[in-house]
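Here is a short briefing for a first look. Please keep the sequence and the 3D view at hand.

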Amino acid sequence: MAPVLEIKNLRKEYKDFALDGISFSLEKGYIMGFIGPNGAGKSTTIKLILNLIKKDSGEIKIFGLDNLAYETEVKNRIGFVLDEAFYYEMLTVKEMKNIIAPHYKNWDEGLFSLYIKRFELPLDKKIKDLSKGMKMKFSLAIALSHHAELLLMDEPTSGLDPVIRSELLDILSELMESEDLSIFFSTHITSDLDKIADYIVFIDNGKIVLDKAKDDILENYGIVKGPKGLIDKNDPMFIGYRENSFGFEALVEDKNRLKMFAPDKIIIEKPTLEDIMVFYTRRNGNA
Amino acid sequence: MLNLVLKDLLIQKKSVLFAALYIILFVAAFQNMGELMYTTAMIAFTYILVMGGFANDDKNKVDTILNSLPIKRRNIVLCKFLSLFMFLAIGTATYLAVYFIFPVLGIPANVYPITLESFVGGLLAVSILNGIYFPLFFKLGYTRARVINLVIFFSVFFGVPSLVNFIVRTQDIEMFYRIVDFFERQSDIVIALTLLLLSSVLLLVSYVISVQLYKRREF
């Protein structure tokens with residue numbers, strides 16, 4: 001079966017930034033976390049998928065179909081939550097829903113009512129009077145009410161408080177119990193993904209730096225710390241090498257390779273996704 | 001798709017009332033306009049609501065959402081053109097209401113009737129103006145296009161009389177008279193149909209250009 005989302009050699013060039021021929025794919029039924037610092041190319045990628053901006057070259061296939069040739073068909077099967085709520089502020093939740101809903105072939109009003117109740121969204125309240133969290137929930141309700149098979153989320157948690165963020169993650173985990181949905185979730189708040197992501201794609205400065213199963217990453221990667229001078233800092237095995245007054249620290253892809261060092265000389269710690277992002281970004285910054 | 005047309009009313013309920021009130025004040029204030037009363041009122045009425053519609057889309061960045069939905073870009077453009085006709089219909093209905101209600105209320109103001117000439121003239125004027133504005137809005141969005149629109153507006157305002165003078169002074173005056181002569185020899189219906197055809201062609205060309213520009217726009 002074709003991947004739900006497949007991107008090959010995707011390029012988009014701007015004056016001061018380029019998405020540099022990125023490739024990755026997401027299989028059905030999984031959550032892929034798309035991480036990277038601000039300005040790394042996450043939103044550019046999502047906008048290209050939605051055809052909000054034009055690619056220079058490369059291929060985007062959704063459900064095995066070209067995203068431009070089958071644009072309407074593909075979009076009928078996608079739900080999206082963007083980083084901002086691009087709605088008419090003066091309309092009520094219900095009025096805005098009425099503008100959007102008729103465009104989806106499989107719109108399910110009953111399902112929408114369910115989500116409205118569950119998210120405690122006030123239908124008659126104006127969008128401008130909703131909190132940021134409420135707006136995100138409204139976007140999510142819209143995204144989930146037409147039986148989407150792929151959920152695209154661009155920084156959905158940025159600017160939200162921890163309670164709403166964790167509520168969103170609970171909802172997503174619950175949704176994943178049905179095997180029909182796949183989620184592509186971009187964020188720079190990597191802790192969102194620690195619990196729910198199956199795969200991690202890490203983008204930095206327009207290039208994919210890492211594309212692996214999350215469990216592989218967390219099991220194999222290690223942060224190594226030790227006295228200065230113990231290792232060759234130019235060895236490519238050590239990612240994002242840094243020294244301070246106590247010694248050095250660096251990230252390694254396979255902590256088993258550290259066995260050559262005496263265990264009393266070094267400390268190996270388990271990195272979080274955030275650590276991994278920071279070390280890689282540091283390496284690229286130093287390059 | 002109809003809901004994309006109607007939403008242009010929904011998002012500016014107050015502006016519609018304001019524009020209707022404007023027609024009433026306009027009629028009362030410009031008593032010597034003759035047949036141009038309807039034509040001018042329609043230019044103003046559609047201008048207020050077309051600008052308001054685009055301004056609201058731009059302010060709320062709604063193009064991003066609309067273009068993420070399963071809607072073809074050409075249909076988003078088409079709906080805007082249909083909104084223009086909707087505004088013209090509402091404006092005409094308001095004008096007719098004023099025409100019938102003023103005498104009933106005993107308001108001592110002349111409301112000139114809508115004649116074939118004034119109707120077709122109004123349609124042509126609205127088509128020309130919006131036929132120029134629309135592609136700009138679809139290319140640049142309201143905020144950036146507004147500056148250019150001002151330039152166009154003043155160029156037309158000051159430029160057209162100078163241009164006409166220039167042509168009359170230096171150029172083919174024969175040609176000018178021939179055109180005038182042609183129209184004088186035709187019946188009203190033929191003139192009306194000609195102008196109607198001209199309006200349709202203008203809007204069609206504007207639509208095709210708008211679609212091409214909007215398809216290339218990035219959000």
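Predicted model: local features only at pLDDT ≥ 70, side-chain atom pairs only at ≥ 80, totals over all residues.

Residues are numbered from 1 along each chain as its sequence is written, while chains are lettered from A and ligands numbered from 1 in the order in which they are written.

**Nonpolar core**

- The largest nonpolar core has 109 residues. Such a core is a set of buried Ala, Val, Leu, Ile, Met, Phe, Trp, Tyr and Cys residues joined through C-beta atoms within 7 Å.
- Those with the most contacts inside this core are M32(A), L150(A), L152(A) and F184(A).
- Domain 1 (5-214) and domain 2 (217-286) of chain A both give residues to the core, so it lies between them. The domain bounds come from an automatic or database domain assignment.
- Leaving aside neighbours within four places in sequence, M32(A) is in contact with L26(A), F184(A), F185(A), A197(A), D198(A), Y199(A) and V201(A). Contact means that C-beta atoms, placed from the backbone, lie within 7 Å.

**A sheet in chain A**

- Four strands of chain A form an open, antiparallel sheet in the order 12-13-11-14. Strands (E, at least two residues) and helices (H or I, at least four) are DSSP runs, numbered from the N terminus. Two strands pair if DSSP finds at least two bridges between them.
- Strand 12 (239-243) and strand 14 (267-269) are the edge strands, each pairing on one side only.
- Strand 12 is joined to strand 13 (residues 248-252) by three bridges. In strand 13, E249(A) is the bridge partner of R242(A).

**Chain B**

- Chain B has nine helices and zero strands.
- Its C-alpha trace spans about 55 × 50 × 30 Å along the principal axes.
- Of the 219 residues in chain B, 29% are buried. A buried residue has 20 or more other C-beta atoms within 10 Å of its own, with C-beta atoms placed from the backbone.
- Among contacts in chain B between residues at least 6 apart in sequence, 82% join residues at least 24 apart.

**Where the chains meet**

- The contact takes 22 residues from chain A and 18 residues from chain B.
- On the side of chain A that touches chain B, helix 2 (71-76) and helix 3 (93-100) are the elements that give two or more residues. Helix 3 of chain A gives the largest share, four residues.

Methods
Buried ≥ 20, exposed ≤ 12 C-beta atoms within 10 Å, placed from the backbone. Contact = placed C-beta atoms within 7 Å.
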